[in-house]
Amino acid sequence: MKRRDFLQATAILAATTGCASIASKARPHVVVVGGGYGGATTAKYIRMWSQGSIDVTLVEPNASFVSCPLSNLVLGGSRQLQDLTRSYDALKRRHGVRILHDSASSIDPDKRTIKLLSGEVLSYDRLVLSPGIEFLWNEVAGMDVAGAQDKILHAWKAGQQTTALRAQLEAMHDGGVYALAIPPAPYRCPPGPYERACQVAHYFSQHKPKSKVLLLDANEDVVSKGPLFKKVWKDRYTGIIEYRPSYRTTAVDVATRTAVSELGDKVKADVLNVVPPHRAGAIAAQTGLANMNKRWCEVDFTTFESTQAKNIHVIGDAIQVSPLMPKSGHMANQHGKVCAAAIVDLLAGRTPEQAPLLTNTCYSYVSDKDVIHVASVHAYNAEKKTLLVVPGSGGVSPGPTELEGRYADSWAHNIWSDMLT
């Protein structure tokens, strides 16, 4: 599929929302928890599409936004973490979003209140949770030991661990082994582990050519862009990347940096990188919204309102996704726009759009410049009450190119602007 302007496509939602006039006497208040791809987008677009008639408070513990997409490039050495860091200031200055650098500690759905770690209590008319993911450390024995998580890193949330893992790779001797344990799907960013393997292999090919990348994949096969990644590994990284499917890491020996599979197979590495299984962020699970396998939050896809609690919406990686819908930054941005449009309509006494259309692109860097992508379009099916991939839509790259690398860089800067400025 040719490159398309996904951000422009979602402007259709703005047109269907129109210039909202809120019917209630008091100014409605929406609280958004989480300032990532989903939450920041929701906060901005509620303010825009309501023409400022809805008050919005964004609760986000971090002082700045740091992008998980592209963070694997920090491991490969072609980006620095500051390249992926953006300010929240424009949300406050240009759009009037109140920003509290705090975390949610508890929610009372009946009283429509949310308590923050600081002790402040916020009342809301509608609550949006974009809490991201929580790691299930209890599913990897040995990782709940004091200090283990400081030595065996996940780096699956961009930030300090990203730079720490890069430092471990730099310190590793030439001829060492980097092993990456991949959790069973669903997990955040399906192609992410395989992109990470390429980034580390690219770094090794330039600076540590005797070293190896070992992929310990809990899944039976590569979850996303499989044929493309496998061809890249064969053509570019033969002798560096080794792929082992159906290797579910259920324990680690921190002292020896050894991964242990559910069958008892052991793999020792010089740098061991474990991404544990995950579920919806803690506040969603705590509130009882994680009603799908006690891991993910089921929602009404026309509004992203929880099926467990009225007036609470859940978006992003925390939800039980529809068939073939990835847990991706781009998709969280799309969730945020559908959710924002629905909330503006609901607070104005209107029926939300009943046929939302969402798009997604996931770019993966296989070197410092060359990129592959997968794209899809998801339309709401009223009969099945879910979002389904539009037949014939989307597709994958024929192969990696520098041109797609330029598209990927533009995608990142455009979506960050769409969310935050």
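The largest cavity is lined by 14 residues, and those nearest its centre are V140, P183, P184, T249 and P277. The model is predicted.

**Largest cavity**

- The space in the largest cavity is about 80 Å³.
- The count of cavities of 30 Å³ or more comes to 3.
- Two strands, β11 (177–182) and β14 (249–253), each contribute at least two residues to the lining of the largest cavity.
- Sorted by class, that lining holds 10 nonpolar, 2 polar and 2 charged residues.
- Rolling a probe the size of a water molecule over the atoms shows where empty space is left.

**Second largest pocket**

- The second largest pocket holds about 380 Å³ of space.
- Its lining consists of 22 residues, with P190, S224, L324, M325 and P326 closest to the centre.
- At least two lining residues come from each of β22 (357–365) and β23 (371–381).
- The most is given by β23, which supplies 4 residues to the lining of this pocket.
- By class, 14 of the lining residues are nonpolar, 7 are polar and 1 is charged.

**Sheet with β14, β15 and β16**

- Strand β14, which supplies at least two residues of the largest cavity's lining, also belongs to an open sheet of 3 strands.
- The order in this sheet is β14-β15-β16, and the pairing is antiparallel.
- β14 and β16 (266–268) are the edge strands, each with a single partner, so one side of each has no neighbour in the sheet.
- From one strand to the next, the twist averages 25 degrees.
- Strand β15 (residues 258–261) is joined to β16 by 3 bridges, and the two run antiparallel.
- T258 is positioned opposite K268 in β16.
- Strands of a sheet pair through backbone hydrogen bonds, either parallel or antiparallel.

**S376 in β23**

- S376 lies in strand β23, the strand that gives the most to the lining of the second largest pocket.
- The relative accessible area of S376 is 12%, so S376 counts as buried, the cut-off being under 20%.
- A polar contact of 2.8 Å links the side chain of S376 to the side chain of H378.

Definitions and conventions. Residues numbered from 1 in each chain as written. Predicted model: local features only at pLDDT ≥ 70, side-chain atom pairs only at ≥ 80, totals over all residues. Heavy atoms only, no water. 1 Å grid on protein atoms, 1.4 Å probe; cavity = no way out; pocket = protein on both sides within 12 Å on 5 of 7 lines; lining within 4 Å. Points joined across faces, edges and corners; volume = space filled by probe spheres on them. Nonpolar A, V, L, I, M, F, W, Y, C, P; charged D, E, K, R; others polar. Pairing = 2+ DSSP bridges. Axes fitted to C-alpha atoms, helices over the stretch in contact; angles between N-to-C directions. Buried < 20%, exposed > 50% of the residue type's maximum accessible area, 1.4 Å probe, protein only. Polar contact = N/O pair within 3.5 Å; in protein donor to acceptor, adjacent residues only side chain to side chain.
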